[in-house]
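Please consult the sequence and structure shown below while reading.

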Amino acid sequence: MTKTKNFNEQDLLRASETLKAHDNWSVMAHRKADGDAIGSVSALITAGLNAGKRVKWFGADPELPVTYSFLPHYDRYIYRDSLSFDEPGELYIFLDCSNENRGVQGFDVSRNINSLNIDHHGDNTLFARENCVDSLSSSTAELLFRVLYAGNWEITKQVAECLYTGIFTDSGGFTFSNTSALTHLIIANLIESGVDSAHITDFIIQNKTPEIIKLWTYALPRLKLFGHENIFAVVKIYADDFDRAGTDISATTGLPNLIMTLRGVKLIATVTENPARNGEVFLSFRSREQSPVTAWNVASFMGGGGHQRAAGATLKKANVDEAASRIEAYLLSHE
Ligand code: AMP
Ligand code: MN
Ligand code: MN
């Protein structure tokens, strides 16, 4: 695992100063954007607009998941497969993005691009000119709060709602082991800034359409438990499931965490065929402390990465059954 340099409290203030020193921002997060990616970007865009910055939001997903359409400036999102990263005076900001290949393409690390990387992935490659990376943060949103707080940026109710969304989603609603006392202190601060937590969580989790549940009912009977005392679980989802359910790839959000609620299971994988792109297969992994291998171990074996206990990979030309077999063989050989 690529080791990130030790995080230093001064990185927070330095990141804030860099934000203040630039009037034009292009903000981006990782592909297949999740609640932390979108919550962090919308928080920073909101704070930036409040401070008079000109901001743009780019991303490599054709569309963002509708779940997060309640967040401010969701409509500003611009889909770009690649950018030239050469606008004079522009600050290119990456949030929740562990390396330059996980987002909009075209970022050449050898060009010393005017860029800022704020992230919490332990395998972040520190690809930007300036990096504020703390792998102990539950979420990028938690770290971004600390950047904004260090620089005395105003945390308005809107900014607080975005940050709350990011922290809530990446900490599994404050249930994952990345949730710290500091996470809760920051959440308390966000609630004091006006967040109505019950209202926000209604948007984030009480939002499943019948189509999403239908997709899960196709996938779950394929759940395979294996290994000593059935500590491993794999679920396969095919493109045809999405067609029959009448939904898209974003409908798998939350499914890995649901499978992780199975008693006795230590590591789970979902193997999903992208219905929109032939041959593309998404892998999601989750693991518990007692697992003989971490989610990160198996994700990196499959060419991806992420966190120790929540990780993923994208296979460009693959087959669901073959990918699942490789994962199963890897897990059985590492018990
Ligand atoms: P997911 O299972 O999609 O919720 O992702 C879990 C974690 O793994 C997140 O922190 C992702 O950023 C990370 N992750 C997902 N896919 C990849 C990938 N292809 N490469 C590196 N990290 C990934
Ligand atoms: Mn993310
Ligand atoms: Mn994150």
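## The sheet

Strand 7 and strand 8 (residues 232-237) pair in the antiparallel sense, over three bridges. Strands here are DSSP runs (E) of at least two residues, numbered from the N terminus, and two strands pair if DSSP finds at least two bridges between them. In strand 8, A233 is the bridge partner of L225.

The open sheet has six strands in the order 7-8-9-10-12-11, with mixed pairing. Strand 7 (224-226) and strand 11 stand at the edges with a single partner strand each, so one side of each has no neighbour in the sheet.

## Basis of the model

This is a predicted model, in which local features need pLDDT of at least 70, side-chain atom pairs count only at pLDDT 80 or more, and totals for chains, interfaces and linings use all residues. Residues are numbered from 1 along each chain as its sequence is written, chains are lettered from A and ligands numbered from 1 in the order in which they are written, and side-chain values use heavy atoms, with hydrogens and water left out.

## The ligand shell

Around ligand 1 there are 14 residues (a heavy atom within 4 Å); R102, H121, S284, R286 and G305 come nearest. Strand 12 gives the largest share of this shell, five residues. Domain 1 (10-205) and domain 2 (210-333) each supply at least three residues, with bounds from an automatic or database domain assignment.

## Polar contacts

Polar contacts are pairs of N or O atoms within 3.5 Å. An oxygen atom of ligand 1 lies 2.6 Å from a side-chain N or O atom of S284, and a nitrogen atom of ligand 1 is 3.4 Å from a backbone N or O atom of T314.

How values were computed
A polar contact is a pair of N or O atoms within 3.5 Å; within protein, one must be able to donate a hydrogen and the other to accept it, and residues adjacent in sequence count only if both atoms are side-chain atoms. Helices (H or I, at least four residues) and strands (E, at least two) are DSSP runs, numbered from the N terminus.
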